[in-house]
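Student: I would like to learn to read strand pairing and helix packing from a model. Could we work through a case?

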Amino acid sequence: MPLQGPAKVAIIGAGYVGASTAFALLFSPIVKEMVLVDINRARAEGEAMDLAHAATLIRPVKIYAGGPADCAGARIIIFTAGANQQPGETRLDLVHRNTAIVREVLPPLLQHCPDALILMVANPVDVLTYVAWKISGLPENKVLGSGTVLDSARFRHLLSRHLHVDPRNIHAYVIGEHGDTEVPVWSLANVAGVDLEEFYLLDGTTEEETFRTGISRQVREAAYEIIERKGATAYGVALALSRITESILRDEKSVLTVSSVIRGLYGLEGEVAFSLPCLVGNQGREKILAIPLGAGELAALRHSATTLQEIITRLRLPG
């Protein structure tokens, strides 16, 4: 798929995440048209009107509510539709409800835009990325999930607060499940190429372990804390989606921890979808970067993959 100028994007689901994503994309000059699709048509229409008024103050963008047929010509389908995570629920608790939604909603969309890339957002995003790949019949590279792009941003944010460094100068990834078994890759985290052990000298093993355990927990539990306080997360994931979308449409070849179908890496058997650093460009996921991991990180990643595979085997999927 050659790079083409400003593009059309379809956003499925006009709730907190869908509307926030549309707002974030208003600021992207590469997006010229957005269609919002929601089972609550009035909600989609209201969000489209509000966004269209806001766009007047930025640049010309065509924004409207529609159905599957209106998605024709979309380069990317951003799939946010699904049941929201409630206080006390894990992302994996949503699996059966949201799998049913993907089964129902995705096929009609692909009838009208069969060449679009799919960007899954609804949780559990790794399982639903795998479900979308199976249902769509699309190549692996064209079905992505938002994965741990936001988790990695949270990781860098927390490190920046502790280290007093601009987060843009911190390189650190979270891989595996977007959820309770996610794996912060401490062994590769660095500030401008300087290992954390050298940059932030800790006074003894106990202090270092406390430091890492505390930040890992905060990254893992960030969404739960936000949901407990305000009912939903939206802004962080919206900007993560904007970042992924721009990398695709601009053919940036950016390294992002998107979720995608993985097989044959790190000694894993079978196939599963989870996050690893990937080269993301015009073709979607263009390359998986099998980064070196410490022994503990490798064991944690395998546990994460096994957890997701156990959920997937309970679903009746084609193929």
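Predicted model: local features only at pLDDT ≥ 70, side-chain atom pairs only at ≥ 80, totals over all residues.

Student: How do strands β2 and β3 pair, parallel or antiparallel?

Tutor: Strands of a sheet pair through backbone hydrogen bonds, in one sense or the other. Here β2 (residues 31-37) and β3 (residues 62-65) are parallel, with 4 bridges.

Student: What unit do β2, α2 and β3 make?

Tutor: A β-α-β unit, and a right-handed one. Helix α2 covers residues 41-55.

Student: What is the strand order in the open sheet of 3 strands?

Tutor: The order is β7-β10-β11, and the pairing is antiparallel. β7 (170-171) and β11 (194-195) are the edges; each has a single partner strand, so one side of each lacks a neighbour in the sheet. Between β7 and β10 (residues 190-191) there are 2 bridges. H171 has N190 in β10 as its bridge partner.

Student: Now the helices. At roughly what angle do the axes of α4 and α9 cross?

Tutor: Roughly 50 degrees, with the axes coming within 10 Å. α4 spans residues 125-136 and α9 residues 295-313. The two are therefore oblique to each other. The crossing is right-handed.

Student: Which residues meet where α4 contacts α9?

Tutor: From α4, look at D126, V127 and Y130; from α9, at L308, I311 and I312. By class, this contact has 5 nonpolar residues, 1 charged and no polar.

Conventions. Residues numbered from 1 in each chain as written. Heavy atoms only, no water. Axes fitted to C-alpha atoms, helices over the stretch in contact; angles between N-to-C directions. Parallel < 35°, antiparallel > 145°, perpendicular 65-115°, else oblique. Left-handed = near helix turned anticlockwise from the far one by under 90°. Contact = heavy atoms within 4.5 Å. Nonpolar A, V, L, I, M, F, W, Y, C, P; charged D, E, K, R; others polar. Pairing = 2+ DSSP bridges. Right-handed = clockwise from strand over helix to strand, strands pointing away.
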